[in-house]
Amino acid sequence: MSAMSLVARVFTRHVANICYKPASVPVQVQPKRNQWNLVKVPKPGVKGKSYRRIVHFKDKYTVEPLNVTNLAGRDPVTGRLVAKGIGGGIKHKYHWIQWIRDGPTDLNEPPREDKVLAVFKDGCRTSFVALIASGSNLQYILATENMKVGDIIRTHKGIPENHVRAFEGDAYPLGALPKGTIVNCVEKYPDKGGFLIHAAGTYGTILRKDGEDRVVIKMPSKKEFSIYKTCMATVGRLSNVEHGTTPIGSAQKNRELGNRPRSGLWQRKTGRFGRKIKPPAPLRKVGIDQEDNIKTKLELNIVTLNNVNL
């Protein structure tokens with residue numbers, strides 16, 4: 001290659017780089033139309049959000065029926081439909097349940113006595129509600145199976161050396177009740193109010209002691225909870241036992257309950273092709289960090305390596 005041809009090639013490449021150098025041109029990008037925005041909405045049923053109603057509570061406890069605002073399955077902030085199948089129905093007043101059964105703690109003092117004034121059905125819950133009074137103090141509680149007007153129920157927060165002889169409707173700490181007692185409205189933490197077992201016809205059973213300060217309770221779901229013995233519980237089975245076995249009867253009755261029609265695709269499992277038998281859940285200790293008690297089990301493809309303990 002001659003020197004002149006080499007100089008011409010280099011000169012041509014240099015000129016091409018100068019002429020075809022990319023220049024920055026300001027361009028306005030138009031936003032997309034119908035852009036999809038993610039709206040974070042909590043799941044139905046989490047932290048008490050069932051998207052069925054909002055109860056307008058007052059600053060102080062009262063037995064006056066409270067007003068409610070039906071949500072019909074919509075989020076109260078955005079108004080978007082979150083839970084399908086909810087809407088319509090008869091609008092009911094809400095009766096404020098006093099979940100904390102208060103009483104004396106000194107064993108030398110007699111238990112507090114309350115008289116049942118009325119037992120009636122509440123449209124906002126499945127079990128019946130009882131109006132009780134002690135002096136000038138009125139409050140609502142969940143009625144037990146055989147509770148009737150005129151009954152005297154007792155409440156005491158002390159734990160004696162020997163188990164107490166409790167009757168239906170009485171409230172005592174778990175440590176004061178004998179083994180085999182059926183209970184409801186059990187506190188999950190002391191002095192926080194009845195948190196467990198609220199549905200109609202349900203009950204829990206005291207199984208055994210767990211150490212010096214805990215009691216094991218069998219829930220309606222067959223799960224076992226280890227709870228502090230100072231947690232209060234009401235003796236007996238909750239009322240309206242036939243609620244779970246009573247058919248709704250008609251589509252109109254289902255609409256009165258606040259349930260919208262379903263798609264019709266759901267079919268009840270008949271058991272024709274068998275069922276899964278699952279082992280019972282392990283004992284859960286309330287009030288203790290569960291992360292320390294979790295054991296991880298890894299299943300490997302090689303069967304001989306699954307015997308290694310982690």
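This is a predicted model: local features need pLDDT of at least 70, side-chain atom pairs count only at pLDDT 80 or more; totals for chains, interfaces and linings use all residues.

**Surface, core and contacts**

Visitor: What percentage of the residues in the chain is buried?
Guide: A residue is buried under 20% relative accessible area, exposed over 50% and partly exposed in between, with a 1.4 Å probe and protein chains only. The chain has 310 residues, and the buried share of them is 27%.

Visitor: How many helices and strands does the chain have?
Guide: Both are DSSP runs numbered from the N terminus: helices are H or I with at least four residues, and strands are E with at least two. On this basis, the secondary structure comes to two helices and 15 strands.

Visitor: Which residues have the most contacts inside the largest nonpolar core?
Guide: A nonpolar core is a set of buried Ala, Val, Leu, Ile, Met, Phe, Trp, Tyr and Cys residues joined through side-chain atoms within 4.5 Å. The largest one has 18 residues. Strands E12 (214–218), E13 (224–228) and E14 (232–235) each supply at least two residues of this core. The residues with the most contacts inside it are Leu 174, Val 186, Ile 206, Ile 217, Met 219 and Ile 227.

Visitor: How many residues of strand E4 are buried?
Guide: Strand E4 spans residues 129–134 and is mostly covered. Of its six residues, the number buried is five.

Visitor: Is Gln 139 buried or exposed, and what is its relative accessible area?
Guide: Gln 139 lies in strand E5 (residues 137–142). Leaving aside neighbours within four places in sequence, Gln 139 is in contact (heavy atoms within 4.5 Å) with residues including Tyr 61, Val 63, Arg 112 and Asp 114. Gln 139 is buried, with a relative accessible area of 6%.

Visitor: What distance separates the C-alpha atoms of Ile 141 and Val 116?
Guide: Ile 141 also lies in strand E5, and its 5% relative accessibility counts as buried. Along the chain, Ile 141 and Val 116 are 25 residues apart. Their C-alpha atoms are separated by 9.8 Å.

**Aromatic rings and a glycine**

Visitor: What angle lies between the planes of Phe 57 and Tyr 94?
Guide: Rings of Phe, Tyr and Trp (its six-membered ring) pair if their centres lie within 6.5 Å; planes under 30 degrees apart count as stacked, over 60 as edge-to-face and the rest as tilted. By this rule there are four aromatic pairs. The pair of Phe 57 and Tyr 94 is edge-to-face, with 5.7 Å centre to centre and an angle between the planes of 80°.

Visitor: How many residues apart are Phe 57 and Tyr 94?
Guide: Phe 57 is in the loop between strands E1 (53–55) and E2 (68–70), and Tyr 94 is in the loop between E2 and E3 (112–120). Phe 57 is partly exposed at 44% relative accessible area, whereas Tyr 94 is buried at 14%. The pair links distant parts of the chain, and the two residues are apart by 37 residues.

Visitor: What distance separates the C-alpha atoms of Gly 258 and Arg 52?
Guide: Gly 258 is in the loop between helix H2 (251–256) and strand E15 (284–285), and is buried at 4% relative accessible area. Gly 258 touches Arg 52, among other residues. The two are 206 residues apart along the chain, while their C-alpha atoms are separated by 8.5 Å.

Technical notes. Residues are numbered from 1 along each chain as its sequence is written. Side-chain values use heavy atoms; hydrogens and water are left out.
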